[in-house]
Amino acid sequence: MAEPRLRPPDPGAVRRITSLTNPVVKGVRGLWLAKNRRASGLFLAEGLKLVMDAVEFGWPLRRLVFATGRDGGEHLDELASGCRKGGGEVLEVSEAVLAKIARRDNPQTVIGVFEQRFRPAESIEPARDSTWIALEEVRDPGNLGTIIRTGDAVGAAGVILVGDTVDPYSVETVRATMGSVFHVPLVRADHAGFAQLAAAWPGSIVGTHLAAVDDYRQTLYRRPTLLVMGAERSGLGEPTAALCSDLVRIPMDGAADSLNLAVATALMLFEIRRDELRLP
Ligand code: SAM
């Protein structure tokens with residue numbers, strides 16, 4: 001049966017819900033599905049710390065869900081009052097309802113509903129020292145979340161999702177980012193938009209390719225650097241590879257024919273960062 005559309009929150013309200021069939025509960029739970037996230041522009045984040053970090057980074061809470069009787073201490077009170085003041089809705093629910101929304105027994109203390117954010121590709125004006133990450137057709141939510149988290153760890157300026165990619169605001173991806181989804185700007189671009197961005201890019205555009213000749217440790221990364229990673233299955237497409245100023249490979253021994261996408265991205269990002277520290 002189709003999930004109902006999530007109606008707008010009742011600004012400043014606190015609602016107590018125990019019914020598993022309540023339409024608001026169904027609507028919030030429906031945000032597990034990509035089609036409902038697309039239709040509403042909303043997404044879920046689980047856990048008190050994650051939700052607090054999000055609010056601290058300037059993401060207004062549209063809805064805050066917590067279970068009656070759970071000890072969230074003063075932090076939960078602060079979140080609830082901030083949510084209400086900001087026009088969001090606080091849902092105090094039974095344990096069974098929270099477990100239903102979270103789709104698991106023993107769920108986190110709180111669940112937050114936030115609005116998705118994407119920056120348009122045309123708005124990118126790369127700062128001189130910045131590193132941007134472009135992911136072509138990334139498909140695995142865990143890989144994407146890990147890359148967003150790693151990008152955050154190296155101070156990357158943002159992640160550009162090129163073509164048809166997995167949803168960065170799925171529950172699995174948000175979980176894997178460990179909060180970095182609230183800190184790293186996300187950009188969506190189709191292939192034509194990415195080609196335009198690449199044509200005007202002032203620094204290195206570094207594609208990673210299994211068939212590349214150059215070793216990633218012997219390449220000079222001109223800043224701002226745009227790192228371009230290929231898809232898990234098919235690798236970097238030839239048209240995208242043709243946009244790159246450099247193509248590099250990470251040498252491997254053994255029988256593995258490639259590295260995991262998130263691992264390869266992490267190696268590249270730390271090498272680019274090492275290069276930045278070495279250069280004047
Ligand atoms: N079968 C795919 C192929 O032929 O490219 C494997 C893709 S690999 C799992 C996903 C992405 O990680 C690649 O497109 C590339 O961007 C990066 N990658 C993985 N291992 C790499 C390596 N040893 N050198 C350079 N890039 C690598």
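The buried residues (under 20% relative accessible area, 1.4 Å probe, protein chains only) of helix H5, residues 95–102, are Val 97, Leu 98, Ala 99, Ile 101 and Ala 102. The model is predicted, with local features needing pLDDT of at least 70, side-chain atom pairs pLDDT 80 or more, and totals for chains, interfaces and linings using all residues. Numbering runs from 1 along each chain as its sequence is written, and side-chain values use heavy atoms, without hydrogens and water.

**Exercise 1.** State which elements the buried residues of H5 pack against, and what follows the helix.

Step 1. Helices (H or I, at least four residues) and strands (E, at least two) are DSSP runs, numbered from the N terminus.
Step 2. With contact set at heavy atoms within 4.5 Å, the partners include strands S1 (14–17), S2 (42–46) and S3 (63–67). Strands S4 (89–93) and S5 (110–115) and helix H1 (23–29) are also among them.

**Exercise 2.** Describe the second largest pocket.

Step 1. Its volume is about 310 Å³.
Step 2. Among its 16 lining residues, Arg 38, Thr 165, Val 166, Asp 167 and Pro 168 are the closest to the centre.
Step 3. Helix H2 (residues 34–40) supplies the largest share of the lining, three residues.

Terms used: Buried < 20%, exposed > 50% of the residue type's maximum accessible area, 1.4 Å probe, protein only. 1 Å grid on protein atoms, 1.4 Å probe; cavity = no way out; pocket = protein on both sides within 12 Å on 5 of 7 lines; lining within 4 Å. Points joined across faces, edges and corners; volume = space filled by probe spheres on them.
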